[in-house]
Amino acid sequence: MRPAGTGNFLHFLLLACSLFLAVLSAVPQNFSPSLRSGPGATCRLSRAESERRCRAPGKPPGGAVCHGRGRCDCGVCICHVSEPGVYFGPLCECHEWVCETYDGKTCAGHGKCDCGKCKCDKGWSGDACQYPTNCDLTKKKSNQMCKNSQDVICSNAGTCHCGRCKCDNSDGNGLVYGKFCECDDRECIDDETEEICGGHGKCYCGNCYCDAGWHGDKCEFQCDITPWESKRRCTSPDGKICSNRGTCVCGECSCHDVDPTGDWGDIHGDTCECDERDCRAVYDRYSDDFCSGHGQCNCGRCDCKVGWYGKKCEHPRSCPLSTEESIKKCQGSSDLPCSGRGKCECGKCTCYPPGDRRVYGKTCECDDRRCEDLDGVVCGGHGTCSCGRCMCERGWFGRLCQHPRKCNMTEELSKSLCESADGILCSGKGSCHCGKCICSAEEWYISGEFCDCDDRDCDKHDGLICTGNGICSCGNCECWDGWNGNACEIWLGPEYP
């Protein structure tokens, strides 16, 4: 007589044995659970055998192990984990992001990505599962769906299959692609090196995006300035690289928007700081309806005509004065309304910059910024400023009170300090006083440390050098805060209060 429960125990034992045998049958034949006798122990495989097991079938000895995406540890691939979950598989052969896409969707939304290849749903085929097996479209409808924005079927770089383009890639390199075969990366191949973007960049849709330090249509030119200097030159007034609207190439911004007519596009400026789209009530790149037709667009901001206001000059303003009467009241003794330093509204001036007490007066005629040098020092620290003119302390003179009346150096030393590079005293356009040049007052446009600059070279706007919104420094406008442009004619500061 068997003890109670013996039958149940034998039944359990048989079931456990069958499960163990099933697990063993599922283990690959080349798998050895005892390749190492313990953690940190020496591998029982030779190096050659270990690498053979980590190498893809058919790959010769010496070839990359683990598909170059991991390291081989005693015949087992340990995939790189710098991008967690990206590489996987027994030989790190799988990459979950390399499946083909169509119209922005992996496997066209008609399949699943399995180890880099699309497994298409029933009724679909193609590398990206983009082609239906059965087409119920007419040829006319199919061709219509294959036309690009210029009404060209598959951009003349492919054939149309049931409303979907199949791009010409007879050599199998896949350089022609896109929903309408609009991208041709063969345009990126350097004629001399025959490399994509000369080996110094990446190609996207026929355009090269160069590595740091390289530029050119095919990244063929090396930049002769440091990356830091390039970044500095491309930094816009708001501290962003090319205003986040362009690409910095060797110190110059290439703005994202280029007008096909060859003129300025919607985005322009040395650092792409100007966006004319902000001046349009409804954006249309081929429309000139700036500022609702009641103002002028300056670097993306509307300067409204008298009688109108609003961000896009869309609101009429009631004023008892006519336009001519309003402007005349704002001119005063100046040739320009508000002396070119403010905005005229119904005969009253609002001076730029808003809230800056250095610009004031009924017609903004006083500009105390004119008393400052390039370092911002008022009247050289030897005087006070009154309505844009320096009142010098005793013992000092000059436009910025920069010259002492008494000199403690010899005349010989003084003259040696005033000689320009060509050995001429003050470039022959001024006199020397205590080691500094005093440029001729008769030639108002002469300036510079050695009177070697011509302020007439500075850009003008509305007849004013640097538009009165900056200092002319040896032929170039140094704009005051809030102003930009070659002639400091563009206001980029805050809105009017």
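The UniProt annotation "domain: EGF-like", taken from an unreviewed entry, covers residues 93-130, 145-182, 187-220, 233-273, 278-314 and 370-402; UniProt positions are given in the numbering used here, feature names are shortened, and annotations may be inferred rather than shown by experiment. Over residues 187-220 the chain is 0% helix and 29% strand, with the end C-alpha atoms 14 Å apart, and over residues 370-402 it is 0% helix and 30% strand, with the end C-alpha atoms 14 Å apart. Helices (H or I, at least four residues) and strands (E, at least two) are DSSP runs, numbered from the N terminus.

The model is predicted, and local features need pLDDT of at least 70, side-chain atom pairs count only at pLDDT 80 or more, and totals for chains, interfaces and linings use all residues. Residues are numbered from 1 along each chain as its sequence is written, and side-chain values use heavy atoms, with hydrogens and water left out. The chain averages a pLDDT (the predictor's confidence in each residue, from 0 to 100) of 79, and 85% of the residues score at least 70. Over residues 1-7 the pLDDT is below 50, and beyond near neighbours in sequence this stretch has one contact (heavy atoms within 4.5 Å) in the model. Where pLDDT is low, the predicted coordinates should not be read in detail.

Arg 164 is found in strand 12, which spans residues 164-167, and is buried, with a relative accessible area of 18%; buried means under 20% relative accessible area, exposed over 50%, and partly exposed in between (1.4 Å probe, protein chains only). A polar atom of the Arg 164 side chain lies 2.8 Å from the backbone oxygen of Gln 130. Leaving aside neighbours within four places in sequence, the contacts of Arg 164 include Tyr 102, Trp 124 and Cys 146.

The structure holds 15 salt bridges, each defined as a side-chain nitrogen of Lys or Arg within 4 Å of a carboxyl oxygen of Asp or Glu. In one of them, Arg 341 pairs with Asp 367, the closest N and O atoms being 3.2 Å apart. Arg 341 lies in the loop between helix 5 (323-331) and strand 27 (342-345) and Asp 367 in strand 30 (residues 366-367), so the pair ties together parts that are 26 residues apart in sequence. Arg 341 is buried at 10% relative accessible area, as is Asp 367 at 1%. By contrast, Glu 49 and Arg 53, joined by a salt bridge of 3.1 Å from N to O, both lie in helix 2 (residues 47-54), four residues apart, about one turn of the helix.

Key: A polar contact is a pair of N or O atoms within 3.5 Å; within protein, one must be able to donate a hydrogen and the other to accept it, and residues adjacent in sequence count only if both atoms are side-chain atoms.
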